[in-house]
Amino acid sequence: MHMVFLPSIKMRWKNLFSISMELSQNSPQMLFSDSLKKLSFIRSIKCGDLVIIYERHDVMKAIKVNEGSIFQNRFGVFKHSDWIGKPFGSKVYSNKGGFVYILAPTPELWTLVLSHRTQILYIADISFVIMYLEVVPGCLVLESGTGSGSLTTSLARAVAPHGHIYTFDFHEYRAASAREDFEKTGVNNLVTVGVRDIQGEGFPEEFGRQADSVFLDLPQPWLAIPSAAKMLKFDGTLCSFSPCIEQVERSCEALQANFTDVRTFEILLRTYEVREVTVESCQEHDNGSLMGPPKKRKHTNEQNKDEKLMGQAVMARPSAEARGHTGYLTFARLKCV
Ligand SMILES: C[S@@+](CC[C@H](N)C(=O)[O-])C[C@H]1O[C@@H](n2cnc3c(N)ncnc32)[C@H](O)[C@@H]1O
């Protein structure tokens, strides 16, 4: 059902938006491919590569490697030239002995470092969307709005190497910035960005019955749902992301006419901080986790025995900075007529 490649539509849109396929094949890539065009993760850092500088899970930055450039942070000055030729994942040192890791860009990391021109979808919602929309290699997916391209980047990897994402935003600057980002991350041969008011005009007619999936992140998605129904193949999947439940209710109403299996989810992710701590004694709990409640020191002959029990333990607790509500994901499947 999903393995459709539409050269005619693809070429027309490619020309219209001057997307350069050649450029992406030579540019720093999220989708590593070797000379045989197989996905490959064995790669070393080259001049011109986009890399992620990783200090901590919440301190990361994307930069382009340049032979003569430096990267500076609180740990000192890092020369890009020291990184070239090293494998991705390497620990690299500054002039002061500080270190960072140089990671390969992935859609997961990109989502954490991209410049926010809009609200974006994060990993918990993105992963659920891709799974529940059944997006696999070869799929043709329509999306609106593009926003900051956070979801689009993951969709692109999911449909690679022969599928395609056609994404639309009515905001010209956002569309142009998203195009630049897709070139930077090397997914631009998989994504075409169009400027269009999808709520007002719907998706372009040439996509009629061609799409495996449609994704909407729009303020009034119900206005785009009739058009989405015309674009989808029978049995194709739709998802609409909305922050408010009132938007969900109106969307569900609009889905009644042509869709079945309508379901809404809220994805709540609980993040844990796992730390090594020094404890005076360790008690093993039924669930196997270790916790070290402070124990009163005994001033007896047993003191030495107790001190021997002091040591390191691993403690896990829910993170205070965990994200709460992001939005509701409403899924539906086009009825076969
Ligand atoms: C919240 S952002 C999408 C974020 C995106 N899902 C991401 O993960 O980066 C919503 C986008 O929809 C666009 N938009 C709003 N109304 C639109 C319309 N009628 N047609 C096309 N795009 C529209 C906005 O310009 C904005 O960029």
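User: Which residues of H5 are buried in this model?

Analyst: The model is a predicted one, and in it the buried residues of H5 are Ser150, Leu151, Thr152, Thr153, Ser154, Leu155, Ala156, Arg157, Ala158 and Val159. Because ten of the ten residues of H5 are buried, this helix is largely enclosed by the rest of the structure.

User: How should I read the packing of two helices, and at what angle do H4 and H5 pack?

Analyst: Two packed helices are described by the angle between their axes and by the distance between the axes. Here, helix H4, residues 123-132, and helix H5, residues 150-159, pack at an angle of about 40 degrees, and their axes are 10 Å apart. That angle makes H4 oblique to H5, and the crossing in which H4 passes H5 is right-handed.

User: Which residues in H4 and H5 meet?

Analyst: From H4 come Ile126, Val129 and Ile130, which meet Leu151, Ser154, Leu155 and Ala158 in H5. Sorted by class, the residues of this contact of H4 with H5 comprise six nonpolar, one polar and no charged.

User: How many residues surround the ligand, and which are the closest?

Analyst: The ligand is surrounded by 23 residues, of which the closest are Gly145, Gly147, Ser150, His171 and Gln199. The elements giving two or more residues to this shell are H5, strand S8 (164-169) and helix H7 (198-201), and H7 gives the most, with three residues.

User: What classes of residue does the shell around the ligand have?

Analyst: The shell around the ligand has eleven polar, eight nonpolar and four charged residues.

Key: Residues are numbered from 1 along each chain as its sequence is written. This is a predicted model: local features need pLDDT of at least 70, side-chain atom pairs count only at pLDDT 80 or more; totals for chains, interfaces and linings use all residues. Axes are lines fitted to C-alpha atoms, for helices over the stretch in contact, and angles run from 0 to 180 degrees between N-to-C directions. Helices (H or I, at least four residues) and strands (E, at least two) are DSSP runs, numbered from the N terminus. Angles under 35 degrees count as roughly parallel, over 145 as roughly antiparallel, 65 to 115 as roughly perpendicular and the rest as oblique. A crossing is left-handed if the near helix is turned anticlockwise from the far one by less than a right angle, and right-handed if clockwise. Two residues are in contact if their C-beta atoms, placed from the backbone, lie within 7 Å. Ala, Val, Leu, Ile, Met, Phe, Trp, Tyr, Cys and Pro count as nonpolar, Asp, Glu, Lys and Arg as charged, and the others, Gly among them, as polar. A residue is near a molecule or strand if its C-beta atom, placed from the backbone, lies within 6 Å of it. A residue is buried if 20 or more other C-beta atoms lie within 10 Å of its own, exposed if 12 or fewer, and partly exposed in between; C-beta atoms are placed from the backbone.
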